[in-house]
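The following note sets out numbered points for a colleague examining this structure. The sequence and the coordinates are shown first, and the points follow.

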Amino acid sequence: MNNKTLKVAFFGLGYVGLTMATSIAERDARVIGYDIDTEKVAKVNKGETPIHEPNLSTLLRRNIVKKRFFAIEDPRKAVKESEIIFITVGTPSLQDGSINLDYVKSASETIGKELRDLEDYKLIVLRSTVTPGTTCNLLKPSLEANSCRICGKDFGLAYNPEFLREGSAIKDTLHPDRLIIGEMDEKSGDALEEFYQWLYHDELPPTIRTNPDIAELIKYANNAFLAMKVSFINQVANLCQRIPNADVEVIAKGIGLDRRIGPLFLKAGLGWGGSCLPKDLRALLKFSRSKGVALPLTEATLFVNEIQPLNAVKIAEKLLGDLKDMRIAILGLSFKPGTNDMREAVSIKIVEELLRREAKIVTYDPVAMENARIVFGDRVGYSKSALECINDADCSIIITEWPEFLKIKPKDFVSRMRNPIVIDGRRLYDPEDFSSKLRYVAIGFGSKI
Ligand code: NAD
């Protein structure tokens, strides 16, 4: 890539678009973000990030001030003034679990129309998670039909899946494990590889160049495998709970040392949520069924995860009996630490179950309170701190493993709670220490209840 300033556009300023746009601007590119959500556009231009993500707000403000990044409501300018256009719109679930490609479709129509009277070659890169065939059978024909131009000759096209984890999105964007380039043609693949050479200072992570269909399936296979690892260890955790002296943490360590298995994604807990794994597994299952293929392992992965959060409620009932009017402190609401994202968070399932049993719920999360109010309204109480949350509670449930909860010591639970019972859904605390000082039940820790 030569020395002139690289011009890049993003269609969609959600977790993926905003993180990547900001990271690229930091490398001195000129980045334009377009989003149909005009409130988001205004917020971003003020240097305010709509999401909580470590380092994002500092980087965003810096790049807005330096005018390396700005958001707009005009897609024409975004397309016209950019060499590479990333599509980073959402691909949520439809009611039946299949993928909703409406946003990809509308972004491709908009980009296609704007390409129509432009002479120069642009590279379009789809980064959203999509089912196999979407780039070739939806995006390409839509871009061609709306632009009256030919893919491969007049513009380039590639599918390039995103693997970032919320909570470490900037780090993952700047230091990915690998790059998957699903190119429609060699020129598009070369252009995208060249862009990443520039972004990573000529030190490309392991890179696979392949066709778009394979790249699309790599993303789904990746997420299905990760989810399967967690559901697997959660099953082992459930078994451990019935065996006095068993501890899933030691078992996870034992099997994780086998290099064929590896230690990551073997943390037992109350299940996985978030904006990706649940919807991607559902979409994969729907897609595979449409091809006449059953994926029983993925079905089971999803099933295990649907019932896993209910463990917390069952344990509370076992310890307290009828939960009606019991005051339950919920510590942690976001689907994982480091983010305020509550999409498909396990906390929602647990709180809803507890409300069904007419328990009194009081909640606390370091960053997700605003989102929690949207989800729960006035059906639950909101605390200003973790310590305030556990005051007078009959039971505390740890749902998100925020590091700040480690500051709560057994004596705090004992002195503040009406009934010092802690259900550690994320294996945050030392079971030996806590069980010796209060009624403590941890996922995957064999106890006598
Ligand atoms: P998001 O819902 O946070 O953001 C999507 C954004 O796209 C929204 O701001 C929306 O207003 C905007 N948008 C919708 N239609 C548009 C259009 N036609 N033009 C311009 N903007 C439009 O989504 P996200 O979490 O950033 O995810 C985006 C994609 O990346 C999804 O396919 C997701 O599965 C995938 N992904 C997400 C993550 C993650 O951790 N969030 C990780 C890997 C992959």
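1. Y429 has a relative accessibility of 5% and therefore counts as buried, the limit being under 20%. The model is a predicted one, and this applies to every point below. Y429 is located in the loop between β13 and α18 (431–437). Residues up to four places away in sequence aside, Y429 touches I398, F405, L406, I408, F413, D424, F434 and Y440. Between Y429 and P410 the C-alpha to C-alpha distance is 9.5 Å, and 19 residues separate the two in sequence.

2. Two of the residues touched by Y429, namely I398 and D424, also face each other across a strand pair: I398 stands opposite D424 in β13. The strands concerned are β12 (residues 395–398) and β13 (residues 421–424), which run parallel and are joined by three bridges.

3. These strands belong to an open sheet of six strands, ordered β11-β10-β9-β12-β13-β14, in which the pairing is parallel. Its edge strands are β11 (381–382) and β14 (439–442), each of which pairs on one side only. Helix α13 (residues 310–320) packs on this sheet and touches β9 (327–331), β12, β13 and β14. The direction of α13 makes about 160° with that of β13.

4. Which residues of α13 are buried? They are N311, A312, V313, I315, A316, L319 and L320. After α13 comes G321, with a positive phi near 80°.

5. The loop between β9 and α14 (346–356) contains N340. With a relative accessible area of 10%, N340 is buried, because the limit is under 20%. Apart from neighbours within four places in sequence, N340 is in contact with Y15, P50, I51, H52, S334, V367, A368 and N371. N340 and K314 lie 26 residues apart in sequence, and their C-alpha atoms are 27 Å apart in space.

6. When residues up to four places away in sequence are not counted, S288 touches V293 and L295.

7. A second open sheet has eight strands in the order β3-β2-β1-β4-β5-β6-β7-β8, and its pairing is mixed. Strands β3 and β8 (207–210) form the edges, each pairing on one side only. On average, neighbouring strands of this sheet are turned by 25° against each other, direction ignored. Helix α5 (residues 102–115) packs on the sheet and touches β1 (7–11), β4 (84–87), β5 (122–126) and β6 (155–159). The direction of α5 makes about 180° with that of β5.

8. At the β3 end of this order, strand β2 (residues 30–34) is joined to β3 by four bridges, and the two run parallel. Residue I32 stands opposite F70 in β3, and Y34 has I72 as its bridge partner there.

9. Helix α1 (residues 15–26) and helix α3 (residues 56–65) pack with their axes 9 Å apart, at an angle of about 55°. That angle makes α1 oblique to α3, and their crossing is left-handed. From α1, the contact is made by L18, T19, T22, A25 and E26, and from α3 by L56, L59, L60, R62 and N63. The residues of this contact divide into five nonpolar, three polar and two charged.

Note on methods: Residues are numbered from 1 along each chain as its sequence is written. This is a predicted model: local features need pLDDT of at least 70, side-chain atom pairs count only at pLDDT 80 or more; totals for chains, interfaces and linings use all residues. Side-chain values use heavy atoms; hydrogens and water are left out. Two strands pair if DSSP finds at least two bridges between them. Axes are lines fitted to C-alpha atoms, for helices over the stretch in contact, and angles run from 0 to 180 degrees between N-to-C directions. Angles under 35 degrees count as roughly parallel, over 145 as roughly antiparallel, 65 to 115 as roughly perpendicular and the rest as oblique. A crossing is left-handed if the near helix is turned anticlockwise from the far one by less than a right angle, and right-handed if clockwise. Contact means heavy atoms within 4.5 Å. Ala, Val, Leu, Ile, Met, Phe, Trp, Tyr, Cys and Pro count as nonpolar, Asp, Glu, Lys and Arg as charged, and the others, Gly among them, as polar. Buried means under 20% relative accessible area, exposed over 50%, partly exposed in between (1.4 Å probe, protein chains only).
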